[in-house]
Amino acid sequence: MAGTRRSSRLSAASEAMPPPAAPAAPTTNGRKRKADAKPNEATPSTPKKKRTVAAPPPLTPTPSAVGIIAEPATGKGLQRPPKPAPVARLANPHGTNALLLSPETSRLIAPRDEDPPSPSKGRGKTTTTTTTTTTANTTTQTLLQEACDYLISVDERMRPLIEKHTCRAFSPEGLAEKVDPFESISSGIISQQVSGAAARSIKNKFVALFADDAEEGRTDADADAAAAGTRFPHPSQVAATSLERLRTAGLSQRKAEYIQGLAAQFASGELSAQMLQDAPYDEVLARLTAVRGLGRWSVEMFACFGLKRMDVFSLGDLGVQRGMAAFVGRDVAKLRSKGGKWKYMSEQDMVALSDRFAPYRSLFMWYMWRVEETDVSTMEA
């Protein structure tokens, strides 16, 4: 009897014990097969590959960074030339308002005598109010004030932004500056993917490459530029310079190729200051985005800050998108983690909102960069 009871206890204890461990999974090249791993087991010795997450689009510069697009070359150790005195001249919200210089001769390019273009029939909606803001009496002295008044008339929330910030690019002083389009576009290429300070350093070194060139053929305008500081090289000079020498200024291989290719188009007349002065915006956009190294955003920034066109709007600028979201009262801090190109506001919403401010969308865009520096929450739509 005692033996029977002892045998029963051993049998019960045996049933209560956990089952023996499963045999080791077969290995391939010394590693366990992942399919046999159990949820509560240690992970394999070889770490799992991290899931690749698409990087968000890079932040685009604010107007302070793209300011180099309209800044003339100064040269190392030289003072910037004095700002020109503003002189009243006719302005056009639908056209180029900058004083453009011929890149090859440094001579001022005057707009052709023709009737002002009709308001754009593109995304910007044409309204009676918009038409009345475009008058034959609009000048470089009144353009910015007329534009600001119009933005406020469209949306009262623009008032605190306008009262706190002044957009110098479209002020009488900003419109009095002379712009070499070849220099302006080249500066935009130089500034791609680098800081503003680095871009200015590279630009100064680039200009210095041509400082010792022969004086023969120098025009009076060249002499004036040299006396004030230094001038940007002519397209023909850059087109004839080897890529190896251009790269000694700190340019990457691709940027050197881009600028040399751009120079060749200006030198041949395929691109010209006169075309940029007279052509409608759609043509300017198409001609310049066809140039190697110039994306849509770069051309939009040149049209805005270089050509001083008042009705440019960049849908691809993440800073503008974020500012617009804050402008309409969205919590941009929560939206930051959403990811994707349109994490702050959809493309359709950006178009619908910006179209209301035509033909002054350039100025509206500039203020959207400034929204988070100003409290607009107390204003009603």
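Residues are numbered from 1 along each chain as its sequence is written. Because the model is predicted, local features need pLDDT of at least 70 and side-chain atom pairs count only at pLDDT 80 or more, whereas totals for chains, interfaces and linings use all residues; side-chain values use heavy atoms, with hydrogens and water left out.

Two packed helices are described by the angle between their axes and the distance between the axes. Helices here are DSSP runs (H or I, at least four residues), numbered from the N terminus. Axes are lines fitted to C-alpha atoms, for helices over the stretch in contact, and angles run from 0 to 180 degrees between N-to-C directions. Helix α4 (residues 143-154) and helix α19 (residues 361-368) have axes that come within 10 Å and cross at roughly 70°. The two helices, α4 and α19, are therefore roughly perpendicular to each other, a term covering angles of 65 to 115 degrees. In contact (heavy atoms within 4.5 Å) are Leu144, Ala147, Cys148 and Leu151 of α4 and Leu363, Phe364 and Tyr367 of α19. This contact comprises seven nonpolar, no polar and no charged residues, where Ala, Val, Leu, Ile, Met, Phe, Trp, Tyr, Cys and Pro count as nonpolar, Asp, Glu, Lys and Arg as charged, and the others, Gly among them, as polar.

A second pair is formed by helix α16 (residues 318-327) and helix α18 (residues 347-355), which pack at an angle of about 70° with their axes 11 Å apart. Val320, Gln321, Met324 and Phe327 in α16 meet Met350, Leu353 and Ser354 in α18.

Residues up to four places away in sequence aside, Leu363 touches Leu144, Ala147, Cys148, Leu151, Cys167, Phe170 and Met310.

Two of these neighbours of Leu363 are Cys148 and Cys167. Cys148 is buried (under 20% relative accessible area) at 8% relative accessibility, and Cys167 is buried at 0%. The structure holds zero disulfides, a disulfide being a pair of cysteine sulfur atoms within 2.5 Å. The sulfur of Cys148 lies 8.0 Å from its closest cysteine sulfur, in Cys167, too far for a bond. For Cys167, the closest cysteine sulfur is in Cys304, at 7.0 Å, also too far for a bond.

Note on methods. Angles under 35 degrees count as roughly parallel, over 145 as roughly antiparallel, 65 to 115 as roughly perpendicular and the rest as oblique. Buried means under 20% relative accessible area, exposed over 50%, partly exposed in between (1.4 Å probe, protein chains only).
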